[in-house]
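Colleague: I have not looked at this one before. Can you walk me through it?

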Amino acid sequence: MEKEQNKVTFATRLGIIFATAGSAVGLGNIWHFPTTCGQNGGAAFVLLYVIITLLIGIPGMMGEFIIGRNGGKNAVSSYRKAGGKKVFGIIGAIGVLGGSLILGFYSVIAGWCVYYFGLALGDGVLGSQEHINNTFAHLMAPDNYMPCILSVAFILLTQMIIVRGVRKGIEWASKIMVPTLIMLLILLIGASCSLPNAFDGIRFLLNPDFTKLNAHVAFKALGEAFFSLSLGTACLCTYASYFKEETNLLRSTVEITLIDVAVAMMAGLMIFPAAFSVNVEPDAGPSLVFMTMPNVFEQAFPHSVAYVVSVMFYLLLTIAALTSTISMHEIGTAVISQETPLSRSKAAWVVSAFCSVIGVLSAYSLSHKGVGLFGDSFFDNFDKLTANIMLPLGALCTILIVGWVMPKETVMAELTSGGLYPRRAWVVKTFYFFSRIVCPILIVCIFMNKLDII
Ligand code: PHE
């Protein structure tokens, strides 16, 4: 395949929004957010999540966009340029490694979603509680290698899109998948909210019980916001290198953040009303969408409707996962194809091979007790390493570079797209106040909390 030129861009503004929102919207919003929300008291958690996403998310995403578009190349090169010294490339490299590790273990859950989608099509998901439990237990059985195979298959599916390039691959796929995802969500919300007692679920999501607020919930919400916005992995930075010169970074950031929060809320509106209508507590943890939801569908709807709902639900999860894995794959593929003589397709093979090893280790460790380090499974090892260390570290370095290291004129040139958009004093002041002081302090707090220091 022909070696891609550095200044490849997304073709349209809509393409930029869909591709970047597709990266942000993923299993984090549709699987992890309702799960964590269910376990941490509902609306109080949601409130903190929304506030934190807006407070840290907007400056954090802006920071990555500024570094990415200013660099115009892969993450390692863009961080080098932003910091003005070669050593800053390491921050980009940590982001790339983090994104690749996430792709590895994320593809395991994505594989489960594909498996459940296939089962749902053949009407194999619904049934008695015993059948539902057995289905999940079978998937996780030590002699079942399906999760390993599906994890690798999902990475290869992602690669097939990546190798088609930025416009014909990423942008094209996102333009189809993101609107489909939103449509499926709306249909499923309609089905869920039309059930009797659905309002109890809406209240759980929207009516905060302030007694449930505490530091633990706040830190959970911080971590959730990070992962959900794809912050700290250089994903956003890599995508920003494909933005056009005239792309308005501030406006795009606000739009993408709002889409991400809206989708998380919509996922809650899809899950909680249905669960509450049949008196099922939505606090099951990670098995929520694989064990609780089939049971909810079975009880809440006549079988034919439950069939259609379950097919749409697992298709939705699969699509959400794919739009995110594309962005995780792209970070590594961009670095290797631009920094080495390898072509884009060969670079993609290297990324897939590395992530497949992580994926297989993660999948295998979930079905074999004792496979992993420090008493955890490899899956949890990779999850904790990225969520507790690499993501906060990446985001902290990003925000510090933009706030303190990059020349102010460069930051301003990006904020205003070279003077194309007005330079508003309050925007500049707020941006610097947050990126120099507020965000670093908050991120250091998350970091210390995750490492059990506070
Ligand atoms: N934001 C994605 C989600 O919510 C996950 C992700 C993390 C994607 C880091 C890219 C990089 O599922």
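Colleague: How many of the 29 residues of helix H12 are buried?

Modeller: This is a predicted model. A residue counts as buried if 20 or more other C-beta atoms lie within 10 Å of its own. H12 is mostly covered, and its buried residues number 22.

Colleague: What span does H12 reach from its first C-alpha to its last?

Modeller: H12 covers residues 249-277. At 1.5 Å a residue, 42 Å is expected. The span in the model is close to that, at 42 Å.

Colleague: Which residue just after H12 takes a positive phi?

Modeller: H12 ends at residue 277. Just after it, a phi of about 60 degrees turns up, at Asn 279.

Colleague: Is H14 largely enclosed or largely open, and why?

Modeller: H14 runs over 303-339. It has 37 residues and reaches 54 Å, close to the expected 54 Å. Of those 37, 28 are buried, so the rest of the structure leaves H14 largely enclosed.

Colleague: Which helices each supply at least two residues of the shell around the ligand?

Modeller: The shell has 16 residues, and the closest include Gly 26 and Ser 324. It divides into six nonpolar, 10 polar and no charged. The helices that each supply at least two are H1, H2, H5, H10 and H14.

Colleague: How are H3 and H10 set to each other?

Modeller: Their axes come within 8 Å and cross at roughly 50 degrees. H3 passes H10 in a right-handed crossing. Angles from 65 to 115 would be roughly perpendicular and those under 35 roughly parallel. The two helices are therefore oblique.

Conventions. Residues are numbered from 1 along each chain as its sequence is written. This is a predicted model: local features need pLDDT of at least 70, side-chain atom pairs count only at pLDDT 80 or more; totals for chains, interfaces and linings use all residues. A residue is near a molecule or strand if its C-beta atom, placed from the backbone, lies within 6 Å of it. Helices (H or I, at least four residues) and strands (E, at least two) are DSSP runs, numbered from the N terminus. Ala, Val, Leu, Ile, Met, Phe, Trp, Tyr, Cys and Pro count as nonpolar, Asp, Glu, Lys and Arg as charged, and the others, Gly among them, as polar. The expected span of a helix is 1.5 Å times one less than its number of residues. A residue is buried if 20 or more other C-beta atoms lie within 10 Å of its own, exposed if 12 or fewer, and partly exposed in between; C-beta atoms are placed from the backbone. Axes are lines fitted to C-alpha atoms, for helices over the stretch in contact, and angles run from 0 to 180 degrees between N-to-C directions. Angles under 35 degrees count as roughly parallel, over 145 as roughly antiparallel, 65 to 115 as roughly perpendicular and the rest as oblique. A crossing is left-handed if the near helix is turned anticlockwise from the far one by less than a right angle, and right-handed if clockwise.
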